[in-house]
Amino acid sequence: SAQLPDIAKKLLDQQVFVTVATLNPDGGPQTSVLWATYEGEDIVLSTVVGRAKERNWRRDPRVSVMIFDPATPYNYIEVRGRVELTTDGGPELIERLSQLYVGASYTGDEGTDNVRVVARVKAERVITR
């Protein structure tokens with residue numbers, strides 16, 4: 001397992017968006033732009049049961065998360081690893097992320113049957129530039 005560098009934590013504290021890559025069943029890439037935070041050495045993401053990235057992770061937990069420095073976009077951190085999924089804490093995480101990114105309660109799941117998933121990225125390799 002790899003350590004999440006301090007610069008990655010600093011960027012995530014600044015509410016940068018991350019690009020997340022998963023693998024489709026045919027082996028092709030699927031990417032998403034997401035809110036993110038961290039807990040200890042893990043990047044923590046939120047998604048919904050049934051979305052492409054969630055289905056992909058259930059089949060193949062490999063992931064790449066790219067964090068760009070908005071002030072210097074040529075500087076970035078790529079975290080490669082595996083995702084652990086749980087629905088425990090899903091609504092609380094999306095609320096925490098919404099407060100962090102937009103300063104308001106999350107309302108995107110209201111009136112839906114969405115089941116929130118916490119995706120915890122366990123870093124295996126970290127590349128900084």
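Contact means heavy atoms within 4.5 Å. Helices (H or I, at least four residues) and strands (E, at least two) are DSSP runs, numbered from the N terminus. This is a predicted model: local features need pLDDT of at least 70, side-chain atom pairs count only at pLDDT 80 or more, and totals for chains, interfaces and linings use all residues. Residues are numbered from 1 along each chain as its sequence is written, and side-chain values use heavy atoms, with hydrogens and water left out.

View 1. Buried means under 20% relative accessible area, exposed over 50%, and partly exposed in between (1.4 Å probe, protein chains only). A8, K9, L11 and L12 are the buried residues of α1. The arc is that of the directions from the helix axis to the C-beta atoms. Just after the helix, Q15 takes a positive phi of about 60°.

**View 2. Helix α2 lies across strands**. The helix spans residues 52–59, and K53, E54, N56 and W57 are buried in it. Seen down the axis of α2, these buried residues fall within an arc of 165°, so they line one face. Their cover includes β1, β2, β4, β5, β6 and β7. α2 runs at about 50° to β1. Axes are lines fitted to C-alpha atoms, for helices over the stretch in contact, and angles run from 0 to 180 degrees between N-to-C directions.

**View 3. Seven strands form an open sheet**. The order is β2-β1-β5-β6-β7-β4-β3, with antiparallel pairing. Two strands pair if DSSP finds at least two bridges between them. β2 and β3 stand at the edges with a single partner strand each, so one side of each has no neighbour in the sheet. From one strand to the next, the twist averages 35°. β6 and β7 pair in the antiparallel sense over ten bridges. In β7, R125 is the residue opposite R80.

**View 4. Strand β4 is largely enclosed by the rest of the structure**. Seven of its seven residues are buried. In a regular strand the side chains alternate between the two faces of the sheet. From β4, D42, V44, S46 and V48 point one way, while I43, L45 and T47 point the other way. Three bridges join β4 to β3, and the two run antiparallel. E39 stands opposite D42 of β4. The hairpin of β3 and β4 has two residues between the strands, and in it G40 takes a positive phi near 65°. β4 also pairs with β7 in the antiparallel sense, over six bridges. A119 in β7 is the bridge partner of L45.

**View 5. The largest nonpolar core has 29 residues**. Such a core is a set of buried Ala, Val, Leu, Ile, Met, Phe, Trp, Tyr and Cys residues joined through side-chain atoms within 4.5 Å. V18, V20, I43, L45, V65, I67 and V121 have the most contacts inside the core. α1, β1, β4, β5, β6, α3 and β7 each supply at least two of its residues. Leaving aside its neighbours within four places in sequence, V20 is in contact with residues including L34, L45, W57, V63 and V65. In soluble globular proteins, nonpolar side chains tend to be buried together.

**View 6. Ring pairs link F17, W35, Y101 and Y106 into a cluster**. Rings of Phe, Tyr and Trp (its six-membered ring) pair if their centres lie within 6.5 Å; planes under 30 degrees apart count as stacked, over 60 as edge-to-face and the rest as tilted. The structure holds four aromatic pairs. F17 and Y101 form a tilted one, 5.5 Å centre to centre with 55° between the planes. F17 lies in the loop between α1 and β1, and Y101, in helix α3, is 84 residues apart from it. Y101 counts as buried because its relative accessibility is 14%. W35 and Y101 form a stacked pair, 5.2 Å centre to centre with 15° between the planes. W35 lies in the loop between β2 and β3, so this pair ties together parts that are 66 residues apart in sequence. W35 is buried too.
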